[in-house]
Amino acid sequence: MTAISLSRARLPTTLEVEVIDEFGTSRRQAIAAERALTVYLNKREIVTLMTLGAEPEALVVGYLRNQGLLTSRQDLLAVHVDWEVEAAAVVTRRLPEDLEERLGQRTVTTGCGQGTVFGRLLDVTGLAELPDTRLAQSTLGRLLHNLGAYNETYKSAGAVHGCALCRQDQVVDFVEDVGRHNAVDTLAGRQWLEATQAGEADIFYTTGRLTSEMVLKVAQMGISVLVSRSGVTQKGVELAERFGVLLVARAKGRHFQAINAAGRLLLDDVPPRRPGDRKAS
């Protein structure tokens, strides 16, 4: 496998500012960093991403991969980030034949920290068939518990989203960034740049909404179970049904709302009903 030239230009994810709280007390408080990074693909300007700056090379590679602008890891030669000019230069052996057509078609999305995808979002074809991964209720509960050990930037500064690649109830990779799409792109980039357990992941977790773009990106990574502590959108459900993705929305503690779950969700840890819980209809 050909080595890829990487700059590894990581920056701290937080910085401190002076704040005054509700008691009139002045103190130093950590806040989430937010930097602009303009991506150039073979000297062609593509997009400007807003990011924490913790994993810029993986973010850029994952973004281009998920947009279909990089189609093979073997084509990737170099990713160099220069924070002085806020730019990332990506060099590849070849570009997609339909690059100009892709760049000319943009879909405005609900993504925080990103906001557009190139090409026709709902016209994606050629995805590999996804595995028919099953999920046990007890496994989900353990996974949500294990995820509590992460979210370091969120715990200290807030204002970020987190995403994780998981193997059943074990977290194998975790990323935070100012937008959930940046986080999933960074994980997709790591899959290509690093030989880690991430390639064995069968569940994807996000703190953000389960929108059409999130479902598409996770399906492109070959994962068929998508879990979130937030809600789901109509187009997210449509794409999940189309690609065969099990959605688990509003997953907190022992509660969740599973969609497209027939034959794939094992209810082996049903909690007792409490006063005020929604009754079965």
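Which helix is Q137 found in? The answer is α3, made of residues 137–147; helices here are DSSP runs of H or I with at least four residues, strands are runs of E with at least two, and both are numbered from the N terminus. The model is a predicted one, so to speak of a local feature takes a pLDDT of at least 70 and to count a side-chain atom pair takes a pLDDT of 80 or more, while totals for chains, interfaces and linings use all residues. Residues are numbered from 1 along each chain as its sequence is written, and side-chain values rest on heavy atoms, with hydrogens and water left out.

Back to Q137, then. With a relative accessible area of 7%, Q137 is buried; that word stands for under 20% relative accessible area, exposed for over 50%, and partly exposed for anything in between, using a 1.4 Å probe and protein chains only. Leaving aside neighbours within four places in sequence, Q137 is in contact (heavy atoms within 4.5 Å) with F256 and with L266, L267, D268, D269, V270 and P271.

Next comes an open sheet of five strands, in the order β1-β6-β7-β4-β5 and with mixed pairing. Two strands pair if DSSP finds at least two bridges between them. At the edges stand β1 (5–6) and β5 (44–51), each with a single partner strand, so one side of each has no neighbour in the sheet. Strand β4 (residues 35–41) runs antiparallel to β5, and seven bridges join the two. Within that pairing, L41 sits opposite R44 of β5.

Helix α1 (residues 56–66) packs on this sheet, touching β1, β4, β5, β6 (76–82) and β7 (87–92). The direction of α1 makes about 125° with that of β5, where axes are lines fitted to C-alpha atoms, for helices over the stretch in contact, and angles run from 0 to 180 degrees between N-to-C directions. As for cover, 11 of the 11 residues of α1 are buried, among them P56, Y63 and N66. After α1 comes G68, with a positive phi near 80°.

A second pairing involves β11 and β12. Strand β11 (residues 161–167) is joined to β12 by seven bridges, and the two run antiparallel. A164 stands opposite F174 in β12. The hairpin has two residues between its strands, and Q168 takes a positive phi near 55° there. Strand β12 (residues 170–177) has six of its eight residues buried, so the rest of the structure largely encloses it.

The angle between α5 (residues 180–193) and α6 (residues 212–220) is about 5°, and their axes are 11 Å apart. That makes α5 roughly parallel to α6, a label for angles under 35 degrees; over 145 is roughly antiparallel, 65 to 115 roughly perpendicular, and the rest oblique. R180, H181, V184 and D185 of α5 meet E213, M214 and K217 of α6. These contact residues divide into two nonpolar, one polar and four charged. Nonpolar covers Ala, Val, Leu, Ile, Met, Phe, Trp, Tyr, Cys and Pro, charged covers Asp, Glu, Lys and Arg, and the others, Gly among them, are polar.

Most residues other than glycine have a negative phi. R8 lies in the loop between β1 and β2 (14–20), and its 60% relative accessibility counts as exposed. R250, also a residue other than glycine, has a positive phi near 50° and lies in strand β15 (residues 246–252).
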